[in-house]
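Let's take a look around this one together. Have the sequence and the 3D view open, and we'll go from a pair of helices to a single side chain.

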Amino acid sequence: MTDFTIPAATAELAKRVRAFVIDKIIPFEKDPRLTQHGPTDGLRDELVALARAEGLLTPQAPVELGGMGFDHATQAAVFEAAGWSTLGPVAMNCAAPDEGNMYLLGRIARPDQVEQFLRPMVAGHRRSVFAMTEPGGAGSDPSQLLTTAVFNGNDYEIAGLKWLITGANGAKTWVIMARVPENPHGSSGPTLFLCEGDTPGIHIERVMDSMDRNYVEGHAVVRFEGLRLGPDQVLGEVGSALRYAQMRLAPARLTHAMRWLGAAARAQHIALEHARVRTAFGKALVEHQGVNFMLADNEIAMHHCRLAIRHVAWMLDSDTRARHESSIVKAFVSEELFKVTDRCVQILGGIGVTGETVVEMIFRDMRGFRLYDGPTEVHKYAIAVQLMRTGTAFASPV
């Protein structure tokens, strides 16, 4: 029998996180350092210091590295609570892309790489990027990778153009995906490299203007030219980047869903309070069926999103890859929570599209969730391919 009981300690922790976000983090939502390109590094450092002082830093990382060591089931409750403000995960050092990069480095980095790159990330002292997406190549289909890493027997010369590289400006830990062409010196294929952000040859051309502003320092266009990295800067094995990317993506899709569920719940809370006090045609908005049905639809959607998230969290904690199921959750949750937030804007009416409430910002940020870590259409395609291979799980009586 499936047990949906949330341990008392987990419930209490989530309550504590929510209170921390409300009391300490939400006041920064009006800070001028929350710019059109996201929080600045200065704001991020101040927020991280607050979480560190509360003992709430990096809940997902192993205890031996300085994190809190929570499993995915506990993360589901904690990340949702942190997501009550889009700045909450930034403060607690569990926002993308750092959270996913920490997971990846924890799985495949060498001990010396862990000490140089991962441990300072867990401590909140440095940010990271995952440089994969390209204007004319890799994106939803990383096999189209155009950036090359030519090996001459001594080092790799990396050349190429990337864009939508989240947090590039100021990041100190860089994970770079490039294709190693066939060569007489060793292995080839898509490969991950790990280096410092100030390595010569990394050129940040510009920060892109984007609809969302919840990621530190926004999304950048980056050119690699004259970037030389040694064999000791390969992350994992040469030619294994696509496999590593999938290893990173399954839990990252889920943690995205956890955080955005918290943001949607905040929008629902604001919309409900507005509907209770705002009147029209002689009664409160909440008494009008057109409004209370939207609130009910929101509650139904969030309930099912929460159940889906917890199911895949349980699968990951049971050492199941859950690649298929995480795609289902990413596609379903991103679409449903966008609808939730859109209905909240509608309930708020004119002020819903202004900065009078945070719902407008949540709505803009939520739109990007339908694209992060693969758009809905790509996940549906992958789900359908799996169905053609194995059939549906619901055909089984188990």
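Helix α8 passes helix α9 in a left-handed crossing. This is a predicted model, so treat what follows as a description of a prediction. To find the pair, look for α8 at residues 289-317 and α9 at residues 323-348. Their axes come within 9 Å and cross at roughly 155°. Since angles over 145 degrees count as roughly antiparallel, that makes α8 roughly antiparallel to α9.

What sort of residues make up the contact of α8 with α9? They split into 17 nonpolar, four polar and five charged.

Now for the wider stretch of chain. An unreviewed UniProt entry carries the annotation "domain: Acyl-CoA dehydrogenase/oxidase C-terminal", covering residues 242-387. Over residues 242-387 the chain is 78% helix and 3% strand.

Next, hop over to N183. Where does N183 sit? You'll find N183 in the loop between strands β6 (173-180) and β7 (189-196). And is N183 buried or exposed? Its relative accessibility is 15%, and buried means under 20%, so N183 counts as buried.

The side chain of N183 also has polar atoms close to the backbone at two places, as listed here:

| Backbone atom | Distance to a polar atom of the N183 side chain |
|---|---|
| P181 oxygen | 3.0 Å |
| H185 nitrogen | 2.9 Å |

Note on methods. Residues are numbered from 1 along each chain as its sequence is written. This is a predicted model: local features need pLDDT of at least 70, side-chain atom pairs count only at pLDDT 80 or more; totals for chains, interfaces and linings use all residues. Side-chain values use heavy atoms; hydrogens and water are left out. UniProt positions are given in the numbering used here, feature names are shortened, and annotations may be inferred rather than shown by experiment. Helices (H or I, at least four residues) and strands (E, at least two) are DSSP runs, numbered from the N terminus. Axes are lines fitted to C-alpha atoms, for helices over the stretch in contact, and angles run from 0 to 180 degrees between N-to-C directions. Angles under 35 degrees count as roughly parallel, over 145 as roughly antiparallel, 65 to 115 as roughly perpendicular and the rest as oblique. A crossing is left-handed if the near helix is turned anticlockwise from the far one by less than a right angle, and right-handed if clockwise. Ala, Val, Leu, Ile, Met, Phe, Trp, Tyr, Cys and Pro count as nonpolar, Asp, Glu, Lys and Arg as charged, and the others, Gly among them, as polar. Buried means under 20% relative accessible area, exposed over 50%, partly exposed in between (1.4 Å probe, protein chains only). A polar contact is a pair of N or O atoms within 3.5 Å; within protein, one must be able to donate a hydrogen and the other to accept it, and residues adjacent in sequence count only if both atoms are side-chain atoms.
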